[in-house]
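Subject: Structure handover

Hello,

Here is the structure for you to look over. My notes on what turned up follow below it.

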Amino acid sequence: MSLKTQIIPNKVPQHVAIIMDGNGRWAQQQGELRIFGHTNGVESVRSAITASVEIGVEFLTLYAFSTENWNRPKEEIDALMNLLVQSITQELDSMNEQGVKLETIGDIDNLPKSCQLALKDAIDKTKKNDKLTLILALSYSSRWEITNAITKIALQIEENKLSSNEINEDLISSYLSTSSFPDPELLIRTSGENRISNFLMWQLAYTELFFTDILWPDFDKECFYKAIIDFQKRERRFGKTTEQLK
Ligand code: IPE
Ligand code: IPE
Ligand code: MG
């Protein structure tokens, strides 16, 4: 029986973020090129989207390409960008059928024109959907995002549009690329790496972390449900004591 039956409906996280890792190792284990792993990872993206829609997750952020990933071999970067365009185009109908609204975070201007166009088109064609917001982090890193935010705040102060005593946590959040989304309650990272890799460092301040050894192309719906069930068993104290929560 599916693990889905064990999920408590009124305790489903509103926002789940995933560091989709391990595609290269998955391919290498089968004697294939790294890109074969990326291609097979698309099925896991589909599963995560469908599972999110089915259980009522409202925001799903997927780390698809980091600022640091620009340091990979050119062939791999090109293949990833092509795969991105191809997947977005292919998945458009399915996103609309499922009520998925596409958004992005990251330095999108830095992506190849073909990616920018495919993203713009898909964002436009899915903008009225309201079941799940799918946020793709592309050419994204947390330090890039925070540096940008600080620059913008400094400019506002220089131009006398903002005063330094107006700076607080809410103001900082409003300058981040995630300003219109709630912070994730759950972060999943696949492939056995126990690190954040420059992802949503501000937003993850109180997020529950779930690390699994499963490589991303093997991460199916049941794996997703397992992470949700694990999350639902945790006590989120936010600095308080257990007694205070009762
Ligand atoms: C994640 O898989 C996909 C991206 C970072 C784009 P990797 O390509 O990092 O796979 P491993 O970690 O080398 O196995
Ligand atoms: C993190 O994975 C980035 C994405 C999943 C897009 P990496 O595989 O690039 O992370 P590190 O460099 O091993 O930490
Ligand atoms: Mg990796």
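**Fold and overall shape**

Reading from the N terminus, the protein chain goes β-α-α-β-α-β-α-β-α-α-β-β-α-α. The radius of gyration is 19 Å, close to the 18 Å that the globule rule gives for 246 residues, so the chain is as compact as a globular protein of that length. Please keep in mind that this is a predicted model.

The chain has 8 helices and 6 strands. Its C-alpha atoms fill a box of roughly 55 × 50 × 35 Å along the principal axes. Of the 246 residues, 45% count as buried. Take the contacts between residues at least 6 apart in sequence: 77% of them join residues at least 24 apart.

**Surface and charge**

The accessible surface comes to about 13100 Å². Carbon and sulfur atoms account for 50% of that. There are 27 positive and 35 negative charges, and their mean positions lie 2 Å apart.

**Salt bridges**

Side chains of opposite charge can pair when their charged atoms come close. How many salt bridges does the structure hold? The count is 19.

Glu193 sits in the loop between strand S5 (186-189) and strand S6 (208-211), while Arg25 sits in helix H1 (residues 23-29), so the pair ties together parts that are 168 residues apart in sequence. Arg25 is partly exposed, at 32% relative accessibility.

Both residues also belong to a network of salt bridges. Its members are Asp21, Arg25, Arg189, Glu193 and Arg195.

*Arg236 and Glu208.* This salt bridge spans 3.5 Å, N to O. Arg236 is in the loop between helix H7 (221-232) and helix H8 (242-245), and Glu208 is in strand S6, so the pair ties together parts that are 28 residues apart in sequence. Are the two partners buried or exposed? Arg236 is partly exposed at 23% relative accessibility. Glu208 has 16%. The cut-off for buried is under 20%, so Glu208 counts as buried.

*Asp124 and Lys127.* The closest N and O atoms of this salt bridge are 2.8 Å apart. Asp124 is partly exposed, with a relative accessible area of 44%. Lys127 is partly exposed as well, at 45%.

**Backbone points to check**

Ser191 lies in the loop between S5 and S6 and counts as buried, at 7% relative accessibility.

Asn198 is found in that loop between S5 and S6 too. Its phi is positive, about 65°, although Asn198 is not a glycine. At 14% relative accessibility, Asn198 counts as buried.

**The N-terminal end**

Met1 belongs to the segment before strand S1 (15-19). It is exposed, with a relative accessible area of 91%. How far is Met1 from Thr89 in space? The C-alpha atoms are 34 Å apart, and the two residues are 88 apart in sequence.

Best regards

Note on methods. Residues are numbered from 1 along each chain as its sequence is written. Chains are lettered from A and ligands numbered from 1 in the order in which they are written. This is a predicted model: local features need pLDDT of at least 70, side-chain atom pairs count only at pLDDT 80 or more; totals for chains, interfaces and linings use all residues. Side-chain values use heavy atoms; hydrogens and water are left out. Helices (H or I, at least four residues) and strands (E, at least two) are DSSP runs, numbered from the N terminus. The radius of gyration is taken over C-alpha atoms; the globule rule is 2.2 Å times the number of residues to the power 0.38. Buried means under 20% relative accessible area, exposed over 50%, partly exposed in between (1.4 Å probe, protein chains only). Contact means heavy atoms within 4.5 Å. Accessible areas come from the Shrake-Rupley method with a 1.4 Å probe; for residues, only the protein chains shown count as cover. Lys and Arg count as positive and Asp and Glu as negative; His and the chain ends are not counted. The place of a charge is taken as NZ of Lys, CZ of Arg, CG of Asp or CD of Glu. A salt bridge is a side-chain nitrogen of Lys or Arg within 4 Å of a carboxyl oxygen of Asp or Glu.
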